[in-house]
Amino acid sequence: MEQHEVSSNEVQIVAFKLKREEYGMSILNVEEIKRLTDITRVPFTPDFIKGVMNLRGSVLPVIDLKKRIGLPDAEYTDATRIIVVKLEEITVGMIVDAVTEVLTIDTDHITNSKQIASTESDMHSESNKFINGIGNLNNRLVILLNLSEILGLNGETK
Amino acid sequence: MDTNQYMEMFLEESKDHLQSLNERLLDLEKDPADSDAINEIFRSAHTLKGMSATMGFNVIAELTHDMENVLDLIRTDKIKADEDIIDVLFKCIDALQQMVDNINNGEPEDSVDVKELVDKLNSIAATGGDKAPASFKAKTTAEPAAKKDANSENPPANIELSDIDIDLINSAKKSGLRAMHVKVTLAETCVLKTARSYMVMSALDEIGDVIKSIPSTEDLEQEKFDLTFDVILLTGEEEQKVESVLMNISEIARVDIELIKVPDAPKKEVTTAKKAAVPAVAKKNAPAVKKQAIQHHDNMKSGQSVRVGIEKLDSLMNLVGELVINKTRLEQIGNTHRIAELVETVEQMDRVTGDLQSIVMKVRMVPVGQVFNRFPRVVRDLAKELNKEVNLTIEGEDTELDRTVIDEIGDPLVHLIRNSMDHGIEHPDEREAKGKPPIGQVGLIARHEGNNVIIMVTDDGAGIDADIIRSKAVEKSVITQDDADNMTDAEAVRLIFLPGFSTSDVITDVSGRGVGMDVVRTTIEALGGVIDVETKKNEGSVFKIKLPLTLAIIQALLVNVQEEIYAIPLASIDSTINITSEDIKTIQNKETIVIRGEIIPIVRLDRALNVSHIEDKKDEEIYVVIVHVGDKKCGIMVDKLIGQQEIVIKTLGKLLSGVKVISGATVLGNGQIALILDVAILMQ
């Protein structure tokens, strides 16, 4: 793992937009980024599960990331992308409003989520658990997501 | 030498040999005079011994060695293969199986205690040795007869001997050893030539000294040789013995042996010595043994095959699936842009991909015989245990099924056969009292039926008593008394497939723990199959399993619900009909339709799947797909029928595994995904 990182205390982040906020996840979990394609609805799933898409012949579940972390719904646009994320054995697509860039952040510039809970009281408490921390890159704030919470890998109901 | 790389080969081959040991031993039990059987058993045991010794598994080698002693006595008619001996031999095979399994699981082989077996074998061998009448005569006289055609076989190639070699040969001669030129030819199909040559060398080392090999040992180890190699061996053994030792190693096509004669005084002239070292004697007196060995080998060769991991086949299958999807896309491009040349090329491609797909499908198919071949042994053991006499008939073992199905079907079948023998077949005296022959018949039959494979387990035993089942089911509160009274006999008998049901009063080792039939049913259903039973009192029962040919590709009917496309497996579809809204009648708040006097409940797919309504249906034609699970029928209301299509089943993955009503998904020709409905869940 280490060899992918720029140095031991720097991490690379894929940054993307949900509404006007900027979010990020570790580049090590990102397999690829796709344009929006046909998504087939799957009945009896939570509303944040958008359905399944065809990724080169295999069936890939797709999550609407905004719905998952409790942000209001919005129309898909030309900039909308699907980030294919792999965590442990699970591969899913995540719909985001736009992918901005790959950032390198010094771990010193990341505030972890516990501190945020007390300082940013306006943060939606339900969505708080989905957040690992906030990266500060020259006053540009990037919210770092906790992927295993988002995928419900920590025993949370699907 | 690192033997690890040959481990896999060792395991695979051991399994084959154990299987053949089992089969042939059963033959021998039926006919103790079957000399083919005993010879083959002997060879298998011997090969196992050689292989395991090479691999360093000494317990296996030791046990097979002792087995060999006993087998040799049987082979030479010194003792008779009576029931006790056969039993001991079967136990030995079980122990060997256990050890091979242990090795396979990375456990030590010696966790199996073979001491008792070894003692038994030794005591049999000891008693047999006493009354040893000679039967060697017959053998020796038979040999010269076949001498002629042995000579016509190509003689071993010349080997140049150095002075040192000749010295060695001469000094060996003085101590009573003989020098032989052994030419070994490997089978063309041989994959690990190095391993084979290694096995040959170590086998030869056991019976003598190898003083020279061409090519050199290093070259042999690096596979720098074609199919043949030559060895000069100094040994006290006879040629036949050497030959039979070598022929017992798998994938050896032939062995040519001749004695080497060297001049007594090698000092004379080097050049003449070299020439003289060449085959002077064509004294081949082993054709009898050889012929048999070669024949045996031909049998094995007839099924030329390569072992491939199932994962590789799966990924091949996936790739072909993708290819087909991409081909369809090209087709669409050609059609929309009207590019004639592209359309033509795609048509060609269509044929190729079609062939490719069917070949990949066929590659995954294996004959059910692979599962069936273990049952003769199971039935034999069980019959002894239960003190019953049972004859097993196997039919249709060539019927092919998908590999994944084959892997899963074994246990349910064992269960069914055990059940038939334990509950079905009566004791011999009981059978005679009923006027039946004392030997019970159990049948294991496989055959194709349309797109399915049918496997039946039949018996001519007591049958299943519907009344007993009814009362048991009520007693165990599986059903209520009312239900029981309203049930037909056929329905009542099917109760045995419900969880927590077992009719045997006595819990035997064999069956009757109450977890039997429902486990069988669940396993079969998980494979996309159905199980049913027919029974007649005192005439027997038939368990019928219907399985899809393959799990990976099925025929399905694609239907529209609003804008969504779903696939319904054709296997569960009875028919499709058009109705109007007036045909729908409500009975006890449930919507039903009547077809040919049959009342069938209907499910509106759009409601069942929470499909959002885009447009309201006008009261025109309504399409209903009639499906069935077992005897139950149900109509599924859809908006449109798209058509029948072969689909490749893909799983939805872990994240969506909770969605019960969908059993999987498939990628359609246009790249879109359609979900596959689980009809059984939908009906509930």
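A word on conventions before I start: residues are numbered from 1 along each chain as its sequence is written, while chains are lettered from A, and ligands numbered from 1, in the order in which they are written. Since the model is predicted, local features need pLDDT of at least 70 and side-chain atom pairs count only at pLDDT 80 or more, whereas totals for chains, interfaces and linings use all residues.

The axes of helix 1 (residues 7–30) of chain B and helix 4 (residues 83–104) of chain B come within 10 Å and cross at roughly 165°; axes here are lines fitted to C-alpha atoms, for helices over the stretch in contact, and angles run from 0 to 180 degrees between N-to-C directions. Helix 1 and helix 4 of chain B are therefore roughly antiparallel to each other, on a scale where angles under 35 degrees count as roughly parallel, over 145 as roughly antiparallel, 65 to 115 as roughly perpendicular and the rest as oblique. Their crossing is left-handed, a term used if the near helix is turned anticlockwise from the far one by less than a right angle, with right-handed used if clockwise. Among the residues that meet are B:Leu11, B:Leu18 and B:Leu25 from helix 1 of chain B, and B:Ile86, B:Phe90 and B:Ile93 from helix 4 of chain B, contact being counted if the C-beta atoms of two residues, placed from the backbone, lie within 7 Å. By class, this contact divides into twelve nonpolar, four polar and two charged residues, where Ala, Val, Leu, Ile, Met, Phe, Trp, Tyr, Cys and Pro count as nonpolar, Asp, Glu, Lys and Arg as charged, and the others, Gly among them, as polar.

Another pair in chain B is formed by helix 2 (residues 35–55) and helix 3 (residues 58–75), whose axes come within 9 Å and cross at roughly 155°, which makes helix 2 of chain B roughly antiparallel to helix 3 of chain B. This crossing, too, is left-handed, and the contact of helix 2 with helix 3 of chain B has eleven nonpolar, five polar and four charged residues.

Turning to sheets, chain B has an open sheet of four strands in the order 2-3-1-4, with antiparallel pairing, two strands being paired if DSSP finds at least two bridges between them. Strand 2 (208–214) and strand 4 (252–259) of chain B stand at the edges with a single partner strand each, so one side of each is left without a neighbour in the sheet. Neighbouring strands of this sheet are turned by 25° against each other on average, direction ignored. Strand 1 (residues 178–186) and strand 4 of chain B pair over seven bridges, and B:Val182 stands opposite B:Ile257 in strand 4 of chain B.

What packs on this sheet? Helix 9 (residues 193–207) of chain B does, touching strand 1, strand 2, strand 3 (228–235) and strand 4 of chain B, and helix 11 (residues 239–247) of chain B lies across strand 1, strand 3 and strand 4 of chain B, running at about 160° to strand 4 of chain B.

Further along chain B, strand 10 (residues 530–536) is joined by seven bridges to strand 11, the two running antiparallel, and they form a hairpin with three residues between them, in whose turn B:Asn538 has a positive phi of about 65°.

In chain A, five strands form an open sheet in the order 3-6-7-5-4, with mixed pairing; its edge strands are strand 3 (30–35) and strand 4 (49–55) of chain A.

Finally, the contact between the chains takes 24 residues from chain B and 20 residues from chain A. The largest share of the side of chain B that touches chain A, four residues, comes from helix 14 of chain B, and that side divides into 13 nonpolar, seven polar and four charged residues. Helix 14 (residues 310–337) of chain B has 28 residues and reaches 41 Å from its first C-alpha to its last, close to the 40 Å expected at 1.5 Å a residue, the expected span being 1.5 Å times one less than the number of residues. Just after helix 14 of chain B, B:Arg338 takes a positive phi of about 50°.
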